[in-house]
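Please read them beside the structure.

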Amino acid sequence: MSHAQTPHARRSHPDRGHPDTLHAADTADGDTPGAPAPGTSDLGDRIDVGLQRILKRETRSSRAGMAGLAAALVIAACVYALLESALRAIGQPPWLIDPQTAAERLTALPGGTSPLLLGALGGVVAMVGLIFFLNAVLPGRKSRHLLRDPRAGVVVDDEVIASALARAARTAANVTQEQVMVVVSQRLVVVNVRPTSGVPLREERILAAVEDELQRMAPSPMPSVRVNVATSGVIGA
Amino acid sequence: MSSTAEAVQPAVSLAGHNRISTQALTTLAQAAAAEALGVSAQDVRAEWSDDDGLLALSIAAPIRVPSLTEVLRDPLRVEGYGGTVWDRAVAAKTAILERVTQLSGSTLSRVDIRISGARVSEGARVQ
């Protein structure tokens, strides 16, 4: 689940060979944030630049697959056009359709074709185009947050943050594990609590506990917290 | 009543979680109802349900009544038992609610009582 990364692998830190999330969170708490990184400032700057790049790559999803697919489509279209042009140039009969006839038919549209078929084709092409376009334009964030650490880049999956916040909420509300559900997204934490029947919950106390835990964790970007207390309770929990 | 309920809640600073199981609540309700209706706890059936985050208790139990020959001989015996069956059931609701709230620390919103039978007492006065 956890995902923590040491960007400068050449300088080995024996105490955090495989830092898990809790460990990383502890050290982020313990160390004074903003303490100067070891090494000269020049080296530190270079590491910082590399670190920023790595962190960005870790928190955004890769577009390599979609880009590759688009490139493959374009290459296939070009190869086919080349083939047909070459056949025409050396005077052979066309393989599927020769370029001039294709262009003429294209300009003659919608001659003879049913408008329903044309519309459906257009819709499919527009949908594929929209998928490619949105993939290119949207930020494509992964469900991960960054934790501040003076020496290493720490990337944490949202499930880990959710689990930590659920524990805080559960302790504050004095309910069992099953009665708390936390959903963490980029900018919002939603805490759903089902109270125990007969024991009213104080919403502000849960909110304070969750916010306190979040402040100590200090993920970036910092989400805001919303607490939902269910109206119906659980008997004998 | 409410102060008792708050006193049962553990302090927030302490880690850990206390729970009162449904079984324990049911046994407690049976004992409280048995005490209020003057029957033995095995004869009482208690069920819990949720009422908008509060506890709702429904009880099916017999009730202790004086024998009819005794009532014929002395009509005041009915008063000695606490009035009619209806009056006693209404009074028992408050008694059970307060008792269970006090002992379990949970807030009850309502108590439904169904009298399912009568236990005739032949012996000395119960009061």
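1. Basis. This is a predicted model, in which local features need pLDDT of at least 70, side-chain atom pairs count only at pLDDT 80 or more, and totals for chains, interfaces and linings use all residues. Residues are numbered from 1 along each chain as its sequence is written, while chains are lettered from A and ligands numbered from 1 in the order in which they are written.

2. Largest core. A nonpolar core here is a set of buried Ala, Val, Leu, Ile, Met, Phe, Trp, Tyr and Cys residues joined through C-beta atoms within 7 Å. A residue is buried with 20 or more other C-beta atoms within 10 Å of its own, exposed with 12 or fewer, and partly exposed in between, the C-beta atoms being placed from the backbone. The largest such core has 29 residues, and A:Leu165, A:Ala169, A:Val191, A:Val193, A:Ile206 and A:Val210 have the most contacts inside it. Two or more residues each come from β3 (153-157), α6 (158-173), β4 (180-184), β5, α7 and β7 of chain A; α6(A) gives the largest share, nine residues. Helices (H or I, at least four residues) and strands (E, at least two) are DSSP runs, numbered from the N terminus.

3. A:Thr196. This residue sits in the loop between β5 (188-193) and α7 (203-217) of chain A. Why is A:Thr196 counted as buried? Because it has 23 C-beta neighbours inside 10 Å. Beyond four places in sequence, A:Thr196 is in contact (C-beta atoms, placed from the backbone, within 7 Å) with A:Val175, A:Gly233, A:Val234 and A:Ala237.

4. Backbone exceptions. Most residues other than glycine have a negative phi, and most peptide bonds are trans. A:Ala218, in the loop between α7 and β6 of chain A, has a positive phi of about 50 degrees. B:Asp52, in the loop between β1 and β2 of chain B, has a positive phi near 50 degrees. A cis peptide bond, with omega about 0 degrees, joins A:Ser220 and A:Pro221.

5. Chain contact. Chain B contributes 18 residues and chain A 15 residues. On the chain B side, α2 (22-37), β1 (45-51) and β2 (54-66) each supply at least two residues.

Methods: Two residues are in contact if their C-beta atoms, placed from the backbone, lie within 7 Å.
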